[in-house]
There are 4 protein chains.
Amino acid sequence: MVVVMQPQAGEEHVLEVESRLTAVGFRTHVIYGVKRTVIAAVGDRRVIESLDLEALPGVEKVVPIMKPFKLASREVKEESTVIKIKDVAIGAKELSIIAGPCAVESRDQLMEAAYAVRRAGAKLLRGGAFKPRTSPYSFQGMEEEGLKLLAEASELTGLVTVSEVVDEESLELAQKYIDILQIGTRNMQNFRLLKAAGKSGKPVLLKRGLSATVEEWLMAAEYIIAEGNPNVILCERGIRTYEPYTRNTLDLSAVPLVKGLSHLPIIVDPSHATGKRDLVLPMAMAAVAAGADGLLIEMHPDPARALCDGPQSLSPGEFARLMERLKPLAAAVNRSI
Amino acid sequence: MVVVMQPQAGEEHVLEVESRLTAVGFRTHVIYGVKRTVIAAVGDRRVIESLDLEALPGVEKVVPIMKPFKLASREVKEESTVIKIKDVAIGAKELSIIAGPCAVESRDQLMEAAYAVRRAGAKLLRGGAFKPRTSPYSFQGMEEEGLKLLAEASELTGLVTVSEVVDEESLELAQKYIDILQIGTRNMQNFRLLKAAGKSGKPVLLKRGLSATVEEWLMAAEYIIAEGNPNVILCERGIRTYEPYTRNTLDLSAVPLVKGLSHLPIIVDPSHATGKRDLVLPMAMAAVAAGADGLLIEMHPDPARALCDGPQSLSPGEFARLMERLKPLAAAVNRSI
Amino acid sequence: MVVVMQPQAGEEHVLEVESRLTAVGFRTHVIYGVKRTVIAAVGDRRVIESLDLEALPGVEKVVPIMKPFKLASREVKEESTVIKIKDVAIGAKELSIIAGPCAVESRDQLMEAAYAVRRAGAKLLRGGAFKPRTSPYSFQGMEEEGLKLLAEASELTGLVTVSEVVDEESLELAQKYIDILQIGTRNMQNFRLLKAAGKSGKPVLLKRGLSATVEEWLMAAEYIIAEGNPNVILCERGIRTYEPYTRNTLDLSAVPLVKGLSHLPIIVDPSHATGKRDLVLPMAMAAVAAGADGLLIEMHPDPARALCDGPQSLSPGEFARLMERLKPLAAAVNRSI
Amino acid sequence: MVVVMQPQAGEEHVLEVESRLTAVGFRTHVIYGVKRTVIAAVGDRRVIESLDLEALPGVEKVVPIMKPFKLASREVKEESTVIKIKDVAIGAKELSIIAGPCAVESRDQLMEAAYAVRRAGAKLLRGGAFKPRTSPYSFQGMEEEGLKLLAEASELTGLVTVSEVVDEESLELAQKYIDILQIGTRNMQNFRLLKAAGKSGKPVLLKRGLSATVEEWLMAAEYIIAEGNPNVILCERGIRTYEPYTRNTLDLSAVPLVKGLSHLPIIVDPSHATGKRDLVLPMAMAAVAAGADGLLIEMHPDPARALCDGPQSLSPGEFARLMERLKPLAAAVNRSI
């Protein structure tokens, strides 16, 4: 870490900073420049925030050098994490394709979706039972009833299930029925929920917050791992920008970036990112080419009658075609499907 | 609402859209343009989302005309809402100044802060007992112990108290000890929490999400009001942009904008928005000039030793000077303090 | 276009809007809603801006339906544009790979780069002679001398050349020596320059502005085409967001989006977008998978000694490997290289 | 400056970085951490960019400590700059209020505007003769004819004039007729234009780019000052964010921030920032309270018939009321009007 002092800072200010740092085990080196004094310090980045050195008189700014995350970083764990659930291995050579409706709406709808997912060759089924909706007047989900249907679909098809949890109560329920707990974009920094997910020990699909930096996202993963649960799957789903033509801006550079910074697997959700059915296929292709370990695709037996996210949902036929298109691409980047 | 059809859309597509709309009580008007057919529809905006018309074949886009919020809108309730707690009236002519430390750290720290707040002439005390922190390695708050200290400070000083709740459990606790429940920026779309806050009936200080639009923010307020709790205070606290010199970008235009769209009171938090002590005073002045009903200011007895947000916390002396500077300004814009 | 009137708007306001619209040849339809009156109008979108209806009393907002661009749109010209220069066809099945140094620094540096580009199998050479730099203290380019070296490199290697112009004077010069004129991100809305580029008749590589919407970008292309020059190549190079780990955020969804809205070819620049050498290859792969017609890659004979953009420049060896990796991928998406 | 080496960097890499730095007169200090080696260097920040150290093998990142701008910085020139033109002193205690139409449309329109500006007590007149417009189909300005009308208006009313220049040609013309040359948001990084404005010696009103950081903005000012012209007036006019309700987001925190970083005067344009007439007054008030040295206000004799920016233009009556409202506020913050 580097502490930059203000031009008018005096020797006593420099000494105060040094004493604070040495008190928590940092080694410090003072550098006297023409305009400014700079204090370089070597130690554990994780204690910096609790120091809050920028509050000290004479301090202009603090520049961290090390990354703030540790358990999620590749520096600490070099080999990539592979998460095994039933016959699925997320982070391995074979791409993990998760598909299904935005929301579980009925038994028929879900079963039809599940069989379509399996038929197309995917191995994971998604479906929302607890729906965070911007408007209180929108459909809010089937809750436990939806979870039970997912469990039934899994039994019938052998698919691994993914469903979103929105608080500790829904998490309690979901872990009884579901294989992978999804934490949605709006809850990426719901730290109580992250800790609960950490304690559950279940694999967690952690979506990137709508305007989260990659660093904040990995810090959220750190919360889960710090509770003893290393099974975190990151999911890039688009960030908020000024561009109005797409619902969000899919940040695919986050894929190789995260691969370099962290050992965790990362998948991509082109459906929520773009909000447009026509863009799902090209962005799914791009995600795989960028090195994603899998995809999260919205598919509905009848998109025109979907209770949510119909505009971006693929029909079973469109999803099957997507899977076909992915095969040669996956091979070209040395992945399988 | 206006539904824009794709150039290649056929008559059957237009009829399908019309039947969907008339089925939920909309009146429709079809307009045949040179390139496109457009369907204008008159009805309740709140049902649009559940229709998801953009999922229909032949539909290019749906352009809503009415605002999606109702209970929070000035169209529904013209007179401005004033929230009375003890001798405080938020939204009235007198500005509501809330001050105190980011986190409750100890009895001494809080009591010292409380007396400093009162001495300077402010009537509301803030202090965090449950701290959402980006890093799992940062101080997480005193929890119930902190709430008790806030209640004690209130009894000793007569100040109205504000503290953040992060989930239903902390909300349960807080409403026993605190006057105003704060919902923080990371939880603005934690819909479970919004509903619980609505049910509590307690006044709610709703901070704007880090990248929430004004519309999403008012929709979050709608969640609370829809549960029968009209006592919502909005708080602008800066939005995320690309500018690195300030922690966030304070969006003061949101103040007059919200005043026009909604009847709810709105206050401004210049401390979190800027993250820099030197910018707190000028931005506090600007907020009042823009028409804010109050301010949320971080003040710590000893900023250099604060466990969080020290860099942006004012000392008691700086806060007292801020209050002095605000008086003539408030008078100039026909407010009092 | 739809004109939404304010709730309190009177009949005279509605009539004023209608008369303005009919005066410029729009057909209007008035729709009386519960809360608001809405006027739907059918006509040429391009005249809307000059009307400025939102300035009229009683008007709340104007919602355009048609796109504001015409000559650049696929609605006007269905078949994709292919631009032929020597043996290169930009927008055809074969990918157009442009590579070379950020700046022309010397004869040796450029010739070495040119031969490396050709050896790797690319057909277009880039090199900056006029450098827009954020700091007045940075290297500003070799100007005409650099253009002459590019012309010489083209003669020696047969490569098609691309170089940036920054004003009418540099454009005058460049068109004497260069095959494709590049308009950089900072000049995307330098309308004088766009018109001059239109008049020149030369193929123009139009980079997306740092925070330009896709619509503004296509409007900039419209400026060039409107001067009678249809040879516009769009180049996505990343947009500005809050994410600090990458220099910009590469918006790959713009590729299929532009392909749907416009007939113009679009290429991608992963070097400037990411600012990180390690991310260039994966993002180049992703761009091709997303449907880009080509790539713009920074390559320098000795990146460690480059006068600009060294951190993101590939070495000749790295570039050759990139070309190798692209081949199977291109085949998988039915393109060639 | 601090150079952070990669974990795997070797001694030879460290030595290479040191030799590069010492070669340009930096003093270096190597700090060996647990995971990384860090090199702190003291010297002239302005040469860093030309070094491009991040391109060197073994270098992870370079963290600048000093600001990249020098001539524009308060560290170099402590006392605030005051720019005197006729009886106006921009940056002095008296606020500089600039008002007038977006575009000069006719002799009658401009003279009517000029008299209204003077009548209301403002001393500077704005009017666009060269209009950068997003659409090639929008009104593009009266060019030299408009400049002549501004000069005439100045003679008749004694007002100081401000008008935008868009390239060297328009700058040549404008300096014959106009007192202050405006460089618009789209040209903030048109470096050729900045240098020409620097050479002209005329006062320059430099608007912040649509997505420019404060640092980039001050670097643009540095371009002008570096040519020997210290008369730069900065103008905050809103930045691009995701919020759709306002045209841009007015970043008022930039006002005190710039006041701390630079000695240059700064004014605020609430008209372009908000794009909404109703928000101009509150944001103008807020700007003055935040410490702005002046305002740039769009005023049109007949906003409903303005050829551009009518929706945000005030009528002469509204402008007069704004001036009245500003008086007590200015007094409250120890400014005059």
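Modeller: Before the linings: Ala, Val, Leu, Ile, Met, Phe, Trp, Tyr, Cys and Pro count as nonpolar, Asp, Glu, Lys and Arg as charged, and the others, Gly among them, as polar. This is a predicted model, where local features need pLDDT of at least 70 and side-chain atom pairs 80 or more, while totals for chains, interfaces and linings use all residues. Residues are numbered from 1 along each chain as written, chains are lettered from A and ligands numbered from 1 in the order written, and side-chain values use heavy atoms, without hydrogens or water.

Colleague: Fine. How many cavities of 30 Å³ or more does the structure hold?

Modeller: The structure has 6 of them. A cavity is a set of points on a 1 Å grid over the protein atoms alone where a 1.4 Å probe fits but cannot get out, and lining residues have an atom within 4 Å of a point. Volume is the space filled by probe spheres on the points, which are joined across faces, edges and corners.

Colleague: What volume does the largest cavity have, and which residues lie nearest its centre?

Modeller: The volume of the largest cavity is about 180 Å³. Its lining has 16 residues, with A:Arg240, A:Thr241, B:Arg240, B:Thr241 and D:Thr241 nearest the centre.

Colleague: How do the residues of that lining divide?

Modeller: For the largest cavity, 8 are polar, 4 nonpolar and 4 charged.

Colleague: And which residues line the second largest cavity?

Modeller: Residues of chains A and B; among them are A:Phe130, A:Glu143, A:Val166, B:Phe191, B:Arg192 and B:Lys195. The second largest cavity holds about 130 Å³ of space, and its lining divides into 4 nonpolar, 4 polar and 4 charged residues.

Colleague: New topic. What rotation superposes chain B on chain A?

Modeller: One of 180°, with 0.0 Å of shift along the axis and an RMSD of 0.0 Å, so this is the relation of a two-fold axis. In chain B, B:Ser211 comes closest to the axis, its C-alpha at 3.1 Å.

Colleague: What about chain A on chain D?

Modeller: A rotation of 180° with 0.0 Å of shift superposes chain A on chain D, RMSD 0.0 Å. A:Tyr242 is the residue of chain A closest to that axis, at 2.0 Å for its C-alpha.

Colleague: Where is C:Arg192, and what does it touch?

Modeller: C:Arg192 is in helix H6 of chain C, residues 191–200; a helix here is a DSSP run (H or I) of at least four residues, a strand (E) of at least two. Leaving out residues up to four places away in sequence, C:Arg192 touches C:Glu168, D:Phe130, D:Glu143, D:Val166, D:Asp167 and D:Glu169. Its side chain makes a polar contact (donor and acceptor N or O atoms within 3.5 Å) with the side chain of D:Asp167, at 3.0 Å.

Colleague: How many disulfides are there over all chains?

Modeller: The search finds 4 (sulfur atoms within 2.5 Å). One of them joins A:Cys102 and A:Cys308, with sulfur atoms 2.0 Å apart. That link is left-handed, at -110° about the S-S bond.

Terms used: 1 Å grid on protein atoms, 1.4 Å probe; cavity = no way out; pocket = protein on both sides within 12 Å on 5 of 7 lines; lining within 4 Å. Least-squares fit on C-alpha atoms with pLDDT ≥ 70 in both. Contact = heavy atoms within 4.5 Å.
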